[in-house]
Amino acid sequence: MAQLTVMTWNVQNLFPVGSGDGGPDSTVAYEAKLAALAGVIDEVGPDVIALQEVGPERVLADLSQRCVIDYDNVVTGIPDGRGIRVALMSPRRLSNRSHTSTFPVGVAPVQIRDVRFDDPHTTDNEALTDQTGRGILSATFRSAGERVTIVTAHLKSKLISYPSLVPGGPTRFAPIDEGERLRYAGYAINRRTAEAMTCRAVLDHAMAHDGDEPGDGPGTGTEVPVILLGDLNDEPRAASTQIIQGPGGSEIDFRGGSGFQRSDGGDGYRMWNLHRLLPADGINATRVYRGRGELIDHVFASHRLVNPTNIPTVEIVAATPLPSMGNDPTVPTFAPSDHAAVVATFTV
């Protein structure tokens with residue numbers, strides 16, 4: 001058996017100097033950000049890191065160079081319209097990269113903007129999408145001779161953004177009126193929910209027996225290590241977050257007779273959210289919004305890695321005290337990130 005440590009961290013606009021969109025505006029600021037991020041990574045020494053809000057691959061090379069461990073095995077996702085993407089870094093070989101951005105079969109397109117954006121001269125409805133904003137990235141690596149599947153995602157933000165009032169203009173973070181606010185709040189919820197369903201479909205595929213359709217059969221989660229890490233932009237009790245857990249009863253619960261304490265037919269597809277293992281007297285928020293801490297960054301793992309006889313450890317770590325954020329994510333914070341990292345250690 002061996003110990004496996006994973007980390008997930010939204011590193012907030014890790015762009016090269018001069019990229020704009022909230023990235024560092026000078027070489028000094030860029031180097032300070034890299035140093036702060038690397039300091040936390042060095043302290044933890046994770047085997048695999050899942051990052052969100054990273055720019056082009058060269059920033060990951062820069063980050064790796066400033067770490068004690070050489071995280072030179074890197075896979076990245078497809079960037080969104082703002083140029084941010086998810087990534088996996090490890091000193092171990094990462095194989096079987098897969099990037100999923102299309103909603104699964106049976107999930108209809110969702111509305112993401114007002115119908116005025118639909119061009120009547122095209123067959124497509126530009127107000128709808130069947131694509132995740134930033135995609136879901138997965139890869140595999142070896143730990144203690146076993147193949148581990150690791151998945152990372154960055155779901156639609158809870159912060160509501162509005163299209164520019166002029167063609168090609170900047171995104172707005174304040175609505176014209178209450179009608180626009182309520183519509184775009186609904187669009188955001190619908191998209192995040194569809195993205196959570198897409199995450200769950202990726203996990204079903206990873207835990208399906210050969211020859212079974214994803215989600216059919218008993219599943220392999222009791223034998224196969226699968227981990228999902230990422231910024232889900234909602235808290236553990238949110239419906240979108242709970243979609244990712246899988247079959248009902250997929251909560252870590254040490255009370256006698258709970259679904260966690262006894263073997264169940266759904267265990268082959270369950271993903272346990274490790275938030276229930278956070279120390280009660282420790283940090284339990286990964287972001288601060290208007291002065292209120294919220295836990296929106298998560299680590300889930302399959303039954304092979306989380307069960308009554310194999311309990312992982314989990315903690316939240318940060319480079320500096322978290323700044324309190326408002327509705328405009330582009331406001332400078334002068335902190336390395338507006339998120340803390342979640343770190344989990346498993347016995348494999």
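On a 1 Å grid over the protein atoms alone, a pocket is an open set of points where a 1.4 Å probe fits, with protein on both sides within 12 Å along at least five of seven lines, and its lining residues have an atom within 4 Å of a point. Grid points are joined across faces, edges and corners, and a volume is the space filled by probe spheres set on the points. The model here is predicted, so local features need pLDDT of at least 70 and side-chain atom pairs count only at pLDDT 80 or more, while totals for chains, interfaces and linings use all residues. Residues are numbered from 1 along each chain as its sequence is written, and side-chain values use heavy atoms, with hydrogens and water left out.

Take the second largest pocket to begin with: its volume comes to about 530 Å³. Its lining is made up of 19 residues, and Arg147, Thr149, Val202, His205 and Ala206 sit closest to its centre. Two or more lining residues come from each of β5, β8, β9 and α3, with helices (H or I, at least four residues) and strands (E, at least two) taken as DSSP runs and numbered from the N terminus. The largest share, four residues, belongs to α3. Sorted by class, this lining holds seven nonpolar, nine polar and three charged residues; Ala, Val, Leu, Ile, Met, Phe, Trp, Tyr, Cys and Pro count as nonpolar, Asp, Glu, Lys and Arg as charged, and the others, Gly among them, as polar.

Then there is the largest pocket, with a volume of about 1400 Å³. Some 46 residues line it, and nearest its centre lie Lys156, Leu159, Ser161, Thr171 and Phe173. β1 (3–14), β8, α3 (178–206), β12 (287–289) and β13 (292–294) are the elements giving two or more residues to this lining. Here α3 gives the most, with six residues. The class count is 16 nonpolar, 14 polar and 16 charged.

Strand β8 (residues 131–143) deserves a look of its own. It is largely enclosed by the rest of the structure, because ten of its 13 residues are buried, meaning under 20% relative accessible area with a 1.4 Å probe, protein chains only. Strands pair if DSSP finds at least two bridges between them. β8 runs antiparallel to β5 (residues 95–102), joined by five bridges, and Ser138 in β8 stands opposite Ser98. With β9 (residues 146–154), β8 pairs in the antiparallel sense over eight bridges; Ile136 has Ala153 in β9 as its bridge partner. β8 and β9 form a hairpin with two residues between them, and Ala144 in the turn has a positive phi of about 55°.

Key. Buried means under 20% relative accessible area, exposed over 50%, partly exposed in between (1.4 Å probe, protein chains only).
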